[in-house]
Amino acid sequence: MADRTFCAELTGSFSTSAAQNPTVAIMEAAFADAALDFRYINCEVPPESLADAVRGAIAMGWRGFNCSIPHKVAVIEHLDALAQSAEIIGAVNTVVIDRPEGGPRLTGENTDGQGFVASLLPVRDPAGQHVVILGAGGAARAIAVETALAGALSITIVNRTPERGQTVADLIDAQTPAAGRYLPWTPHLHVPHGTGVLINATSIGFHPNEAETPDVDFESIDPGTVVADVVVNPPETNFLKAAAARGCTTLDGLGMLVNQALINARLWTGRDLSSAVMRRELEEIFGL
Ligand code: NDP
């Protein structure tokens, strides 16, 4: 009893709607597995309450928090500093609250793309690769920046809306060492020869639309290409099934989610938590 305390370290997430976000389950399972007295609290925070939520986290001594839709850009005005990739991406999904003398200091990180690169590394180092990304939203932008910073030679953005695609390609070209290109999404897209990594970073195939598949000519994909999907529900998308049938190595969205959570946990606790515990928790949630 002498060593026991009754005041856990707090972390969590601010978003709306928060109810379908499984991150709380994997964080709490991994904290418990590591015998860390940390909690992760999933909070429903509408846009007009974001400033109060951030002030509350500071006041209550939180170690940090995740920001999801719709706060990833809006939170920036409440922070003191941005890490390099968050600055280039222009969005923050993780905030670290340090407490040096002189008052709390909030740093914004973007670990979406870092989580993707961490899940990719065991099967393909992005350094020196030609990467093709379907989509130009938040997930695509984070993956594009992080694979470029990890040494990819070129990032080709394929997107339904040309302006958004061109914007991300221009960002890569201007702010990273990789060449950024935009490729219009023509019907039955022909994947360029020499593509080392192909990623679906759109929401096509997400439950309840799991029957939908990105319009790609799978015959044009080299079997040596690593094919990844960011969609987490269901983890085994039609896109990945078709790529596997072509002989490609595939990566599901759960790997990106787990690796992002591991990075966040390291930022908040200084500890490496168990990816196996997180993955098992997710597989249970998705009934795999
Ligand atoms: P955004 O809304 O920012 O972007 C959506 C993207 O998908 C846009 O490029 C959009 O194209 C494209 N898109 C959507 N529907 C279609 C369609 N029918 N045909 C062609 N293109 C389409 O979303 P996010 O980037 O935030 O999220 C994308 C996906 O990534 C979601 O499924 C999300 O759950 C997942 N995600 C997974 C993570 C993980 O850890 N695994 C982390 C973060 C996100 P357009 O510009 O033309 O509208």
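How many residue pairs are in polar contact across the interface of domain 1 and domain 2? The rule finds 4 of them, both residues at pLDDT 80 or more; a polar contact here is a pair of N or O atoms within 3.5 Å, where within protein one must be able to donate a hydrogen and the other to accept it, and residues adjacent in sequence count only if both atoms are side-chain atoms. The model is predicted, so to speak of local features takes pLDDT of at least 70, side-chain atom pairs count only at pLDDT 80 or more, and totals for chains, interfaces and linings use all residues. Residues are numbered from 1 along each chain as its sequence is written, and side-chain values use heavy atoms, with hydrogens and water left out.

As for salt bridges (a side-chain nitrogen of Lys or Arg within 4 Å of a carboxyl oxygen of Asp or Glu), the count between the two domains is 0. Helix 3 (84-89) and helix 8 (253-269) each supply at least two residues of the side of domain 1 that touches domain 2; helices (H or I, at least four residues) and strands (E, at least two) are DSSP runs, numbered from the N terminus. Helix 8 gives the most to that side, with 6 residues. By type, the side of domain 1 that touches domain 2 splits into 5 nonpolar, 6 polar and 1 charged, with Ala, Val, Leu, Ile, Met, Phe, Trp, Tyr, Cys and Pro taken as nonpolar, Asp, Glu, Lys and Arg as charged, and the others, Gly among them, as polar.

Stepping back to the layout, domain 1 takes in 9-110 + 255-285 and domain 2 covers 113-251, with bounds from an automatic or database domain assignment. Their C-alpha centres sit 25 Å apart. In terms of contact (heavy atoms within 4.5 Å), 12 residues of domain 1 meet 16 residues of domain 2. About 1,200 Å² is buried between the domains, and carbon and sulfur atoms give 68% of that; buried area is the accessible area (1.4 Å probe) that two parts lose on being put together, summed over both. In domain 1, Ile88, Ile89 and Met256 lose the most area to domain 2, together 53% of what that side buries.

Then there is the ligand. It has 21 residues around it, and Ala136, Ala139, Asn159, Thr161 and Arg164 come nearest; a residue is near if one of its heavy atoms lies within 4 Å. A polar backbone atom of Ala136 is 2.8 Å from a ligand oxygen, and a backbone N or O atom of Gly137 lies 3.5 Å from an oxygen of the ligand. Arg160 uses its side chain, with an N or O atom 3.0 Å from a ligand oxygen.

The structure holds 8 salt bridges. One of them joins the side chains of Asp52 and Arg55, at 2.7 Å from N to O. Asp52 and Arg55 are 3 residues apart in helix 2 (residues 50-59), so about one helical turn separates them.

Some backbone details are worth a look. The Thr16 to Ser17 peptide bond is cis, with omega near 0°, and Ser17 lies in the loop between strand 1 (9-15) and helix 1 (23-33). Another cis bond runs from Ile69 to Pro70, with omega near 5°; Pro70 lies in the loop between strand 3 (64-67) and strand 4 (81-82). Ala35, in the loop between helix 1 and strand 2 (38-44), has a positive phi, near 55°, in a residue other than glycine.
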